[in-house]
Structures are given as C-alpha cells and as structure tokens.
Amino acid sequence: MTGYLTQYGYAFLFVVVLFESTGIPLPGESILVASGMLAGEGSLNIWAVLFAAFAGSIVGDNLGYVVGRRYGRRIVVRWGSHFGLGEKRFAMVEDRFKNYGFAVVLIARFVIILRQLNGFVAGTMRMSWPIFLFYNCISAALWSAAYGAGAFLFGSAFRHFFEAYSTWPIFVIAALVCVIGMVGTYKFLFAEEDDETPVEDSDTADDASLRGKS
C-alpha cells in the first residue's frame with residue numbers, strides 16, 4: 001500500500017476509496033490510515049489526504065445512489081439471491097432505511113456491509129437525493145477525519161508501539177471489533193419481525209369470517 005501511495009499519491013487514495021464506496025471490497029480504510037501516517041512523516045500533505053478521501057467517498061456513494069435509483073430493483077431481482085441478498089432480505093434493508101434513513105447514511109461509512117450498500121440502497125428506495133447528499137457529506141467528513149487525521153496525529157506513536165511490543169493483542173482486539181460490528185450490522189439489517197399475530201387482529205378476523213358465512 002505504501003509503495004502505491006508513494007508512486008501514485010492522492011489519486012490512488014481517491015480511486016480506492018471511490019470504488020470501495022460503490023460496493024467493491026477494497027481496503028479503503030487501510031489506505032486512508034497509511035496515507036495519514038505518510039502525511040505524519042512528511043511524505044504527503046494531510047489536507048490533500050483528507051480531501052482525496054472525502055471526495056472519493058462522496059463520488060463513490062453517489063455513483064452507487066445513481067445505479068440503485070436506475071437499476072437497483074432489477075439488479076436485486078436478477079442477482080441478489082446469488083449474494084445472499086434476495087428480495088426478502090433486501091426488503092428488510094429498505095425497511096431499515098425508511099425508519100432510520102438519515103441515521104443509517106450518517107453512520108454507514110463506519111460499518112462494514114452498510115458502507116457497501118449505503119448509496120445503492122438509498123437510490124433503490126428513492127431516498128431524497130439532497131437529504132442523502134447532506135448526511136453523506138457529514139459522514140464522509142467524519143470518517144476521513146477519524147482515520148486520516150487520527151493516523152496523522154498518532155501514527156508515529158503506533159509505529160513505536162508496534163516496534164517495542166508484540167502486535168498480536170492489537171490484532172485480536174481488531175478482529176473482535178470487526179466480528180461484533182458485522183454481527184451487529186447483520187442483526188440490525190436482517191432481524192426477523194415478530195411473526196405472532198396480535199390477539200385483537202385474530203379475533204377480528206374470526207368475527208369477519210363468521211359474518212361472511214352468515
């Protein structure tokens with residue numbers, strides 16, 4: 001990553017973040033952290049790093065939005081089941097966006113799965129584009145600052161820590177955080193609704209059935 005960043009600079013960061021934002025599984029966060037650390041060492045400019053990450057996020061998410069708005073439903077019907085996202089599950093995702101739309105867009109960039117589905121689902125359910133853009137810009141700015149500026153400010157400290165101590169506890173903690181995040185996201189998106197029918201509805205249905213027979 002560092003080699004590519006050194007050779008292609010901000011354009012490489014922009015392209016990776018852009019494609020990751022459209023749903024392609026690329027290491028956008030890792031590239032941003034590496035860029036922030038290089039900026040801390042003086043190889044890159046931190047403001048250019050933050051702008052490239054921010055711009056890539058916005059462009060990628062909005063490309064996903066356009067694709068979802070124009071072709072989303074057809075793509076889900078045709079290909080969704082091959083990736084574990086059939087119409088039933090996609091309807092659950094849409095339901096979450098309808099109920100928590102602005103909040104999902106705001107935090108989606110920080111959460112795996114949501115980050116890839118964010119723009120596509122918002123476009124498919126025809127979420128208002130100005131609202132999507134507004135919250136997406138806030139999310140992209142927070143994400144760029146958290147990872148890029150965080151690595152810029154604390155990168156050297158992390159590097160010294162890794163050189164002085166074993167890194168396996170960090171990997172274990174990071175793995176646990178990823179697992180918790182993925183499981184939590186899965187449950188949030190695909191939790192089954194309560195299948196039990198309320199007693200009042202059941203009684204009402206029985207009364208209507210009896211009246212029909214009489």
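Of the 214 residues of the protein, 36% count as buried. The model is a predicted one. Its secondary structure consists of nine helices and zero strands.

**Overall architecture**

- Read from the N terminus, the elements follow the order α-α-α-α-α-α-α-α-α.
- Among contacts with a separation of 6 or more, 76% are made by residues 24 or more positions apart.
- The accessible surface amounts to about 12,800 Å², and carbon and sulfur atoms account for 67% of that surface.

**Nonpolar cores**

- In soluble globular proteins, nonpolar side chains tend to be buried together.
- The largest nonpolar core of this protein comprises 17 residues, and L5, L13, I31, L32 and V49 have the most contacts inside it.
- At least two residues of this core come from each of helix 2 (10-21), helix 3 (28-40) and helix 4 (46-79).
- Apart from this core lies another, made of five residues, including Y65, V105, M127 and F132.
- Beyond its neighbours within four places in sequence, L32 is in contact with L13, V49, A53, W143, S144, Y147 and G148.

**Helix 2**

- The buried residues of helix 2 include F12, L13, V16, V17, L18, E20 and S21.
- After helix 2 comes G23, which has a positive phi, near 115°.

**The salt bridge and its surroundings**

- Side chains of opposite charge can pair when their charged atoms come close.
- The structure contains one salt bridge; D61 forms it with R109, and the closest N and O atoms are 2.9 Å apart.
- This pair joins distant parts of the chain, for D61 belongs to helix 4 whereas R109 sits in the loop between helix 5 (87-107) and helix 6 (114-124), 48 residues apart.
- D61 counts as buried because its relative accessibility is 0%, under the 20% cut-off.
- R109 is likewise buried, because its relative accessible area is 2%.
- Setting aside residues up to four places away in sequence, D61 touches S21, R109, R115, N118, G119, F132 and N136.

Technical notes
Residues are numbered from 1 along each chain as its sequence is written. This is a predicted model: local features need pLDDT of at least 70, side-chain atom pairs count only at pLDDT 80 or more; totals for chains, interfaces and linings use all residues. Side-chain values use heavy atoms; hydrogens and water are left out. A nonpolar core is a set of buried Ala, Val, Leu, Ile, Met, Phe, Trp, Tyr and Cys residues joined through side-chain atoms within 4.5 Å. Buried means under 20% relative accessible area, exposed over 50%, partly exposed in between (1.4 Å probe, protein chains only). Helices (H or I, at least four residues) and strands (E, at least two) are DSSP runs, numbered from the N terminus. Contact means heavy atoms within 4.5 Å. Accessible areas come from the Shrake-Rupley method with a 1.4 Å probe; for residues, only the protein chains shown count as cover. A salt bridge is a side-chain nitrogen of Lys or Arg within 4 Å of a carboxyl oxygen of Asp or Glu.
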